[in-house]
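Subject: Structure handover

Hi,

Here is the structure I promised to pass on.

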Amino acid sequence: MRLLVTGGAGYIGSVMVERLVDLGHDVVVLDNLWRGHRGAVATGASFVEADLLDSAGTRQAVKDAAPEAVLHFAAATLVGESMTDPARYFGANTVGSHHLLLAMREANVAKIVFSSTAAVYGMPSRLPVEEGDEKRPINPYGQSKLMVEQMLEAHAAAYGLRFAALRYFNVAGATRVHGEDHDPETHAIPVALQTLLGKRERFSVFGTDYPTPDGTAIRDYVHVLDLADAHVAALERLDRSLGAMNLGTKDGFSVRQIVEGVERVTGRSLPVAYEGRRAGDPPSLVADSSLARSVLGWTPARSTLDEMIGSAWEWFQKHPGGYAG
Ligand SMILES: NC(=O)c1ccc[n+]([C@@H]2O[C@H](COP(=O)([O-])OP(=O)(O)OC[C@H]3O[C@@H](n4cnc5c(N)ncnc54)[C@H](O)[C@@H]3O)[C@@H](O)[C@H]2O)c1
């Protein structure tokens, strides 16, 4: 298939593009390189530097790429930053997606897989969270993404768009070639590994008195390659609209388990600082992904703690300065 991948110079997008190229697809990456890296775009894919906030540029890029389907990863992704700079989030995520959908309609592209997030649920009232549960995002990041899901539904009803909105929880791991190079980095596993590499003094554990078995918060992690598999499966099934689906494993790992996992896999001791809870962090956030398992035939096969940490550690050791060095 000929495919357009927005945000293909970012963490998850770069792994997706590597996988699609390996599968023999013809891939065009659209990214403004705001938080992505030119060096993260897989060999074999074409690259267009364009900003989704530029409507005319986006229309031209989609027209030139003439894809059969779009995988839409491009976004501003930091919850904290969305609280202090909400305009950036409603801009890049909501307005940017609006421009992309306009460009797709104009170029007669009717299929899209969208990167949504657990943040659309806000503070879930029950766990594991299911797709139909209440969606009350508690930050502009989650709000901006929920609006895109609503736009996709409206476009599907009015114009026949066929979409899958895949709600990721926590994503981790790397391939041999592509890994996580965020600045700032906020995700637990890369932050822990950067600490081992001497880039940070300590790994902070926020909250040790949660109502969880070991007192630390629990999150649902999926290996980035398992996530890529779900996208491939969704693409193959977009002869109809698939709607929104959670991607998770339901079990989750606590922050303490991550600390132990990092020490076990790397054989090094991680300096840890135990701090108070952070406002807005739920004790546990895990997904029911039976819908993705049945609709997409998806099974996360690599999402063990050791495989996610091990592959990320291998990547960080090979790229201590990220894509720059
Ligand atoms: N990483 C996670 O754990 C996680 C969890 C839930 C959802 N998601 C979603 O997955 C997607 C990918 O996340 P990631 O971790 O790879 O993020 P990332 O920041 O590594 O990649 C995002 C990419 O989008 C590009 N981009 C941003 N704004 C743009 C614009 N206006 N025009 C063109 N390109 C633009 C950036 O330059 C970057 O390359 C995002 O949509 C994110 O919200 C990620």
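Helix 7 (224-236) lies across strand 4 (69-72), strand 5 (111-117), strand 6 (162-168) and strand 11 (243-247), and its direction is at about 165 degrees to strand 6. Helix 4 (86-106) lies across strand 1, strand 4 and strand 5, running at about 175 degrees to strand 4. Some terms before I go on: helices (H or I, at least four residues) and strands (E, at least two) are DSSP runs, numbered from the N terminus. Residues are in contact if their C-beta atoms, placed from the backbone, lie within 7 Å. Axes are lines fitted to C-alpha atoms, for helices over the stretch in contact, with angles from 0 to 180 degrees between N-to-C directions.

Please keep in mind that this is a predicted model, where local features need pLDDT of at least 70, side-chain atom pairs count only at pLDDT 80 or more, and totals for chains, interfaces and linings use all residues. Numbering starts from 1 along each chain as its sequence is written.

Seven strands form an open sheet in the order 3-2-1-4-5-6-11, with parallel pairing (two strands pair if DSSP finds at least two bridges between them). Strand 3 (46-49) and strand 11 are at the edges with a single partner strand each, so one side of each has no neighbour in the sheet. On average, neighbouring strands of this sheet are turned by 20 degrees against each other, direction ignored. Strand 1 (residues 2-6) and strand 2 (residues 26-31) run parallel and are joined by five bridges; Val5 stands opposite Val29 in strand 2.

What about the domains? The chain divides into domain 1 (2-172 + 221-247) and domain 2 (188-219 + 251-324), with bounds from an automatic or database domain assignment. Their centres, taken over C-alpha atoms, are 23 Å apart. The contact takes 29 residues from domain 1 and 25 residues from domain 2. On the side of domain 1 that touches domain 2, strand 7 (170-172), strand 10 (221-223), helix 7 and strand 11 give two or more residues, and helix 7 has the largest share, six residues. That side has 19 nonpolar, five polar and five charged residues. Here Ala, Val, Leu, Ile, Met, Phe, Trp, Tyr, Cys and Pro count as nonpolar, Asp, Glu, Lys and Arg as charged, and the others, Gly among them, as polar.

Most residues other than glycine have a negative phi, and most peptide bonds are trans. A cis peptide bond joins Leu127 and Pro128, with omega about -10 degrees; Pro128 lies in the loop between strand 5 and helix 5 (140-159). Another cis peptide bond joins Asp183 and Pro184, with omega about 5 degrees, and Pro184 lies in the loop between strand 7 and helix 6 (188-196). Ala66, in the loop between helix 2 (55-65) and strand 4, has a positive phi near 45 degrees.

Cheers

Key: Contact = placed C-beta atoms within 7 Å.
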